[in-house]
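Here's a quick tour for anyone meeting this protein model for the first time. Have a look at it, then read on.

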Amino acid sequence: MQVEISAHPARRLATVRHVGPYNQIGRAFAHLGHTLGPWMPELAETGAMLALYHDDPRSVPPEALRADAAMVVPEDFVLPPGLTEQHLPAGRYASTEHVGPYEQLGDVWQRFMGEWLPASGERAGASPAVETDLNNPE
């Protein structure tokens, strides 16, 4: 697994909460996309689509897992009703790229968190685990 560590600026997010199995977050992304629809052409130029994972699936039952479908938005963007504002802090983030079916993301996360992180000498920060989607996460 190839992992890169890079600095990221603070990011303001428009989010939709998902509670349940992580692999069902697509419904939250659909709601996010529908709500931001009128602004998507403008936001898509600079805003990344992210998934925030708040819980460890090894210790939290699938039906109680908390995640957020998110899009990076400018500081002056007025959030439409139904979306929640969150912030990711600036800092160092470790990342790897997965190319393949979304069904394999759980395996990638398990290797990243269960193998790479303990062997790396790094430690997880206080913010949630972040997934950046390079294509449509629905």
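Glu42 is partly exposed, at 49% relative accessible area; that label covers the range between buried (under 20%) and exposed (over 50%), using a 1.4 Å probe and protein chains only. You'll find Glu42 in helix 2 (residues 40-44). Helices (H or I, at least four residues) and strands (E, at least two) are DSSP runs, numbered from the N terminus.

A word on the source: this is a predicted model, where local features need pLDDT of at least 70, side-chain atom pairs count only at pLDDT 80 or more, and totals for chains, interfaces and linings use all residues. Residues are numbered from 1 along each chain as its sequence is written, and side-chain values use heavy atoms, leaving out hydrogens and water.

Now for strand 4 (residues 66-72), where six of the seven residues are buried. Strand 2 (residues 11-19) pairs with strand 4 in the antiparallel sense over seven bridges, and strand 3 (residues 49-53) runs antiparallel to strand 4 too, joined by five bridges. Strands count as paired if DSSP finds at least two bridges between them. Ala70 in strand 4 is the bridge partner of Thr15, and Leu50 stands opposite Ala70 as well.

There are five salt bridges here, each a side-chain nitrogen of Lys or Arg within 4 Å of a carboxyl oxygen of Asp or Glu. Among them are these:

| Pair | N to O distance |
|---|---|
| Arg12 and Glu85 | 3.2 Å |
| Arg17 and Asp68 | 2.8 Å |
| Glu122 and Arg92 | 3.2 Å |

Arg17 is partly exposed at 42% relative accessibility, while Asp68 is buried at 1%.
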